[in-house]
Amino acid sequence: MNAKELCGVANAKLDAFVTWTALDRSNLSDGRKLAVNYFIVAVILFFAQLLFGMIAATQFIFPNFLYGFLDFSVNRMVHINAMVVWMLYGFIGCTYWLLEDESQTEIVGLKFGKLAFWVLTIAVAIVVLVYLFIQIGAGNDTTLWLINEGREYIEAPRWADIGIVAVVLTFFYNVVATFSKGKWSGIAGVLTLDLVALAGLYLAGMFYMTNITHEQFWWWWVIHLWVEATWEVLVGVIMAWSLMKLLGVRRKIVTTWLYIEVALMFGSGILGLGHHYFWIGTPEYWLTIGGFFSALEPIPLVAMVVHAVYDSGSHAFKNGNHPALAWVIAHAFGNFFGAGVWGFMHTLPQINLYTHGTQWSASHGHLAFFGAYATINIAFFYLAIQHWRGDVWMSGNAQNAWRWKWALGLLNVGVVGMTIALLIAGYEQSFIERAVEGSTWSGYFTAQNHPSFQSAMVWRWFFGLMTFAGLILLIWDLLTIGKGETRKMAIVVAERGAGCVSFLSECDHTH
Amino acid sequence: MIQPVAMQDFFITFFSSALIILAGASYALLFAWSKVNENFRIKIASYVSYIVLIIAVVLLTRAANFTGYWLSLSVVMVVGYFFAPIGIWHLCVKTHVETSTTLEEKL
Amino acid sequence: MNEENPLWASESFWKKVAIWVTAGSFLILVVLTFDSLSQTEVGGKRVQAYSVINKKIDYVYKEDLHKFMPVIGETELLFGKEFTEEEAEKLVTLGKKTTQAKNCMNCHTLLGNGAYFAPDLTKAWLDKGWLSKELREDLMIKFLLDPENNARTFGSNRKMPNLHITPEEAKGVVAFLKWMSSIDTNGFPYNFKTIYATEE
């Protein structure tokens with residue numbers, strides 16, 4: 001079979017697949033067609049994240065698995081990069097989804113937007129292929145520019161960094177120009193300023209420095225201030241808009257609470273950066289700043305709890321998208337435990353001295369990223385697919401509803417299981433490696449060889465597989481849910497209450 | 001300056017830290033619930049949660065060897081977690097006041 | 001606009017609070033950033049000059065400070081050579097770029113940050129796993145050049161793959177690790193017994 005025939009077959013298969021999904025793009029506005037493109041790539045990268053996570057988890061149990069071919073460092077890099085990038089794709093998609101509606105006009109630079117999407121996606125594909133097939137280079141600038149920068153989470157080579165900034169600027173232009181042509185609002189203002197911060201912070205991570213203390217100082221500016229400040233506010237914006245549109249909450253209330261949320265998140269999150277500056281060579285005052293702000297960070301979670309109870313008392317709302325609501329509830333719990341409880345358990349310097357650089361961070365990271373960001377993206381995917389299907393009713397008792405329920409269950413139990421397994425491993429590691437053995441190499445391996453660590457890694461693998469199964473089911477469900485459903489979503493307008501502004505998004509977290 | 005946690009206090013440190021967040025949230029939840037539903041028992045339960053929170057803060061203060069200005073962190077937690085839910089509750093009530101809404105304002 | 005909605009619960013009030021809190025926190029962060037960066041310049045008290053690779057570096061507990069601190073001692077040459085500050089910077093830079101180019105951070109941790117599949121490199125230079133200070137340099141270079149045949153698995157079966165490090169890069173990595181071990185990390189890691197502590 002030659003290349004042309006192969007292309008033909010692939011095209012035919014793709015067409016058959018599109019026909020099978022029976023999704024009608026004419027249900028979507030131009031801006032939302034673009035948003036959907038982002039969501040599709042996000043889900044593909046989500047799949048890649050879990051696939052490479054599984055390979056890395058396997059290597060903890062069988063170190064020779066794919067040794068010398070796809071080493072742990074490669075798999076782990078793809079695992080965490082795919083996560084960061086799929087969540088960003090999700091957020092950009094959500095923003096395009098709400099942009100036309102919120103500004104009440106058409107997207108100004110739709111062509112640029114489409115171009116930027118393809119440029120970014122091709123760039124991501126090239127970066128991943130280089131990660132997988134070239135992997136490493138010589139210790140010089142060429143490697144840092146073309147192959148890999150070797151810095152956790154932002155490994156993308158410099159050329160890709162520049163590309164990412166260019167794409168984000170295009171995206172930013174689209175958002176600002178569209179609001180300027182249409183209508184500005186409080187939500188639009190917060191969104192715009194947040195995107196300025198998002199793009200600006202990325203620049204802080206684009207420079208080479210031999211002084212590793214300076215390098216890690218700026219590196220945390222990107223990682224922490226993205227994840228614990230700008231991303232959170234972005235989620236707040238998305239939720240604020242959703243609450244207005246889906247639950248009919250008054251704009252004034254939503255906007256006020258969005259501002260409260262910004263004050264709480266930035267107020268605790270910006271200086272919360274201090275908890276990453278305990279042990280990298282930076283001055284001792286960061287121990288105090290990091291400790292104090294970390295202790296304050298759960299206050300927004302308390303606000304969330306109070307507000308949720310207030311709203312439950314003031315009105316009851318009907319909901320026409322049960323899977324989305326279920327994922328929002330998963331978000332509330334995941335964020336509270338992952339970010340709040342798991343974060344605070346090991347964040348004070350008096351204990352972080354022992355937990356820093358152990359599986360504690362992995363335990364916290366898994367639950368917090370999932371609870372704070374994966375869940376909310378998945379909820380939005382369900383909202384998007386519902387609209388794409390033509391606003392059909394999506395309830396818990398529909399035909400095939402078992403799929404989303406099982407996907408929800410498997411993903412959540414899987415992630416919680418991994419979190420607990422890693423917690424046990426981290427506890428053992430901080431105890432044996434750090435406290436007893438004083439963090440020497442032999443101490444490290446004593447802890448790694450300990451039966452409790454070994455069995456924790458097996459449990460993590462098992463729950464990882466459960467998570468993976470959940471994702472496959474989720475993808476199947478997203479492709480098929482609402483297919484053949486004719487009942488329309490009930491139009492529900494809740495008269496009062498900011499619903500779950502708090503419940504959905506006011507959550508802050510610690511790492 | 002910090003005094004690291006002693007090895008035998010690891011568990012109590014993790015446990016009391018988690019308990020602070022859980023008890024704080026539980027107090028907030030029950031406090032708000034008691035406002036929605038005037039029930040004496042809920043009110044009592046909320047104060048019980050708060051007492052658990054104080055105990056957890058004391059345990060953490062001792063396990064994490066808080067001395068000097070670090071003690072103010074304990075005070076901030078005890079005071080902050082008590083008043084935060086009350087403040088947020090008032091904020092909920094006042095921001096949700098039904099004002100002379102026009103149709104335009106609604107969406 | 002209306003009496004029922006008090007100032008402290010109004011949209012405009014919280015808009016201002018959000019702006020001021022964000023701007024204020026950010027301003028404090030910027031000020032602290034300037035201070036931290038100046039305190040951690042290479043050649044300062046916290047982060048040593050690159051030529052520290054010519055000296056003996058140890059890491060000992062300071063009773064009065066409740067923490068472990070790096071201690072810079074007398075001359076202890078690396079590869080039998082006295083490096084000028086420029087030469088040392090060049091070598092450490094090569095080492096640092098090599099650690100990035102080989103993606104070390106996605107198995108190891110550096111200053112405790114990275115992945116958890118392989119040991120922390122913060123004080124790797126001082127690790128008693130290198131047996132004695134005479135054997136150390138040689139063992140490190142051999143390991144970096146051919147990790148498979150010089151594997152240090154400590155019974156874990158985990159081996160570093162061959163990363164095709166050149167001899168010059170290997171020297172750079174060793175110099176970088178030696179320099180990094182002299183950074184004042186506020187006592188992290190705690191209770192670490194160095195190669196010197198074992199020898200005495």
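**Helix packing and chain contacts in the predicted model**

Helices H2(A) and H14(A) lie oblique to each other. This arrangement, like every other described here, belongs to a predicted model. H2(A) covers residues 30-61 of chain A, and the angle at which it packs with H14(A) is about 130°, with 11 Å between the two axes. Such an angle counts as oblique because the roughly perpendicular class runs from 65 to 115 degrees and the roughly antiparallel class takes in angles over 145. The crossing in which H2(A) passes H14(A) is left-handed. On the side of H2(A), the contact is built from Ala35(A), Val36(A), Phe39(A) and Ala42(A), while H14(A) contributes Asn377(A), Phe381(A), Ala384(A) and Trp388(A). Seven of the residues in this contact are nonpolar and one is polar, with no charged residue taking part.

H2(A) also packs with helix H4 of chain A, which spans residues 110-133; here the angle is about 10° and the axes are 10 Å apart. Angles under 35 degrees count as roughly parallel, and H2(A) is therefore roughly parallel to H4(A). In this second contact, Asp30(A), Leu34(A), Asn37(A), Tyr38(A) and Val41(A) of H2(A) meet Leu110(A), Gly113(A), Lys114(A), Phe117(A) and Thr121(A) of H4(A). The class composition of the contact of H2(A) with H4(A) is five nonpolar, three polar and two charged residues.

A further helix pair in chain A is formed by H7(A), residues 186-203, and H9(A), which pack at an angle of about 25° with a separation of 9 Å between their axes. H7(A) and H9(A) are therefore roughly parallel to each other. As H7(A) passes H9(A), the crossing is left-handed. Gly186(A), Ile187(A) and Val190(A) represent H7(A) in the contact, and Thr255(A), Leu258(A) and Val262(A) represent H9(A). Four residues of this contact are nonpolar and two are polar, and none is charged.

Chain A is in contact with chain C through 65 of its own residues, against 69 residues from chain C. Eight helices of chain A each supply at least two residues to this side, namely H3 (72-103), H5 (141-146), H8 (212-247), H9 (251-272), H13 (349-355), H14 (359-388), H15 (401-436) and H16 (441-449). H9(A) gives the largest share, eleven residues. The side of chain A that touches chain C comprises 29 nonpolar, 28 polar and eight charged residues.

The contact between chain B and chain A brings together 38 residues of chain B and 38 residues of chain A. Helices H1 (10-36), H3 (71-95) and H4 (103-106) of chain B are the elements that give two or more residues to the side of chain B that touches chain A. Of these, H1(B) provides the largest share, with 15 residues. On this side of chain B, 27 residues are nonpolar, nine are polar and two are charged.

Chain C is assigned two domains, domain 1 (7-39) and domain 2 (50-199). The centres of these two domains of chain C, taken over C-alpha atoms, are 40 Å apart. Strand E1 (residues 55-62) and strand E2 (residues 67-75) of chain C pair in the antiparallel sense, and seven bridges connect them. Within this pairing, Ile57(C) stands opposite Ile72(C) of E2(C), and Tyr59(C) stands opposite Pro70(C) of E2(C). Four residues lie between the strands of the hairpin of E1(C) and E2(C), and there His66(C) adopts a positive phi near 55°.

Most residues other than glycine have a negative phi, and most peptide bonds are trans. Against this background, two further sites in the backbone of chain C deserve mention. Leu131(C), which is not a glycine, has a positive phi of about 70°. Leu131(C) is located in the loop between strand E4 (113-114) and helix H3 (136-145) of chain C. The other site is the bond between Phe188(C) and Pro189(C), a cis peptide bond with an omega of about -5°. Pro189(C) is placed in the loop that lies between helix H4 (167-180) and helix H5 (195-199) of chain C.

Conventions: Residues are numbered from 1 along each chain as its sequence is written. Chains are lettered from A and ligands numbered from 1 in the order in which they are written. This is a predicted model: local features need pLDDT of at least 70, side-chain atom pairs count only at pLDDT 80 or more; totals for chains, interfaces and linings use all residues. Two residues are in contact if their C-beta atoms, placed from the backbone, lie within 7 Å. Ala, Val, Leu, Ile, Met, Phe, Trp, Tyr, Cys and Pro count as nonpolar, Asp, Glu, Lys and Arg as charged, and the others, Gly among them, as polar. Domain bounds come from an automatic or database domain assignment. Axes are lines fitted to C-alpha atoms, for helices over the stretch in contact, and angles run from 0 to 180 degrees between N-to-C directions. A crossing is left-handed if the near helix is turned anticlockwise from the far one by less than a right angle, and right-handed if clockwise. Two strands pair if DSSP finds at least two bridges between them.
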